[in-house]
Amino acid sequence: MGRRGSAAVAVTVLLSGLLLGGAQPPAAASGRHAPGAMSSRSCGARTHIEVFRPGGIPLLDWRENLAFDGRGTLWVAHVTRHRVEGYAPDGTLKATLPVNGPGGIRRGPDGLMYVNYGVNPLTTGLGSGILRFDPAAARPRAEQVVDGLSGINGLAIDAAGNLYVSREPATGVLKFRPDGTADERWTRAASVFGTNGLEIVGDQLYASVLTSTASPIVRIPLNDPARHTTVTELSRHPWEAKLLDDLTSFRGDLVVASFRAGELLRVDPVTGRSCVLVTGLRMPTSVRVPLGFGTHDPRHELFVVEASGRIVTVRVP
């Protein structure tokens with residue numbers, strides 16, 4: 001989350017009355033709408049949740065995002081403690097890296113970890129942008145890739161090393177080339193308002209939208225961003241707004257975190273059909289598949305971080 005942060009945006013949405021049917025922000029996307037409004041059916045009756053790392057005081061112990069480096073370490077953005085944490089598969093904290101208000105974090109094709117900074121709304125005056133670090137270093141040190149950004153949130157990286165950054169209170173997903181220069185033409189074409197989580201699957205970028213009470217997920221073709229379309233809208237009524245956060249690809253579907261509802265929602269990106277995979281979470285902010293992380297099975301497990309501070313695992317049969 002960027003200059004306002006996911007916490008600030010969530011509070012703003014609640015206080016403005018959007019969840020009670022008030023005025024809506026600009027439309028999430030143009031183009032064809034796939035079928036598949038949110039249904040009440042559950043597809044997670046046999047899922048099992050375990051606490052990988054306990055939390056602290058909700059909101060004050062906010063863990064915002066996570067990513068696996070494929071080398072046995074889980075990296076977590078702890079937005080309120082201003083650090084990135086590295087965990088071993090057994091839950092041991094093995095490394096920390098000071099970062100001002102870290103947010104979206106991803107592994108690049110070069111093997112380095114990239115992380116948005118300046119996400120905590122209380123410290124954005126110290127700067128915001130994108131950093132990178134070597135996860136294999138004995139003492140990882142962050143170096144700057146892009147600075148001077150505002151309102152940034154989620155992060156995705158394509159196979160060529162291009163960086164994509166979401167912005168909650170603005171229109172357009174930001175694109176930066178591997179050398180850190182901005183692709184402004186691409187950004188203008190990707191004119192989706194209020195994006196949050198980002199995930200690349202093949203040549204498509206999927207984005208969740210936090211600021212719309214319809215709770216949409218949008219598909220943006222990497223090679224033709226102006227042709228973005230809405231995959232699904234997960235809320236039938238404004239008072240059912242999910243406050244969608246980050247999302248990931250899992251078994252050919254998308255799994256997206258609902259901050260407000262405490263759910264993980266599973267979405268078919270082709271048909272837009274959806275179901276509730278997990279309930280009972282505590283303000284989930286990001287979800288990922290464990291790749292190269294000890295004995296954790298990427299075919300049957302998901303890792304989730306929460307604004308409660310917890311890191312949990314979800315076992316999916």
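## A strand pair to start with

Ser286 sits across from Val305 of strand 22. The two strands here, strand 21 and strand 22 (residues 301–306), run antiparallel and are joined by four bridges; strands pair if DSSP finds at least two bridges between them. Strand 21 covers residues 284–288, and five of its five residues are buried, meaning under 20% relative accessible area, with exposed over 50% and partly exposed in between (1.4 Å probe, protein chains only).

## What kind of model this is

This is a predicted model, where local features need pLDDT of at least 70 and side-chain atom pairs count only at pLDDT 80 or more, while totals for chains, interfaces and linings use all residues. Residues are numbered from 1 along each chain as its sequence is written, and side-chain values use heavy atoms, leaving out hydrogens and water.

The protein chain averages a pLDDT of 89, with 87% of the residues at 70 or above; pLDDT is the predictor's confidence in each residue, from 0 to 100. Take care with residues 1–38, where pLDDT stays under 50. For that stretch the model has 111 contacts beyond four places in sequence, a contact being heavy atoms within 4.5 Å.

## The chain overall

You're looking at two helices and 23 strands. These are DSSP runs numbered from the N terminus: helices are H or I with at least four residues, strands E with at least two. Of the 317 residues in the protein chain, 60% are buried. Among contacts with a separation of 6 or more, 51% are between residues 24 or more positions apart.

## A buried lysine

Lys175 belongs to strand 12 (residues 174–176). Lys175 counts as buried because its relative accessibility is 11%. Its contacts, leaving aside neighbours within four places in sequence, include Tyr164, Asp183 and Trp186.

## The largest pocket

The largest pocket has a volume of about 450 Å³. Of its 20 lining residues, Arg106, Arg107, Glu199, Arg288 and Leu291 are the closest to its centre. On a 1 Å grid over the protein atoms alone, a pocket is an open set of points where a 1.4 Å probe fits, with protein on both sides within 12 Å along at least five of seven lines; lining residues have an atom within 4 Å of a point.

Strand 13 (195–201) is one of the strands that each supply at least two lining residues, along with strands 2, 6, 10 and 17. Strand 13 gives the largest share, three residues. By type, the lining splits into 10 nonpolar, four polar and six charged residues; Asp, Glu, Lys and Arg count as charged, Ala, Val, Leu, Ile, Met, Phe, Trp, Tyr, Cys and Pro as nonpolar, and the others as polar.

Key. Points joined across faces, edges and corners; volume = space filled by probe spheres on them.
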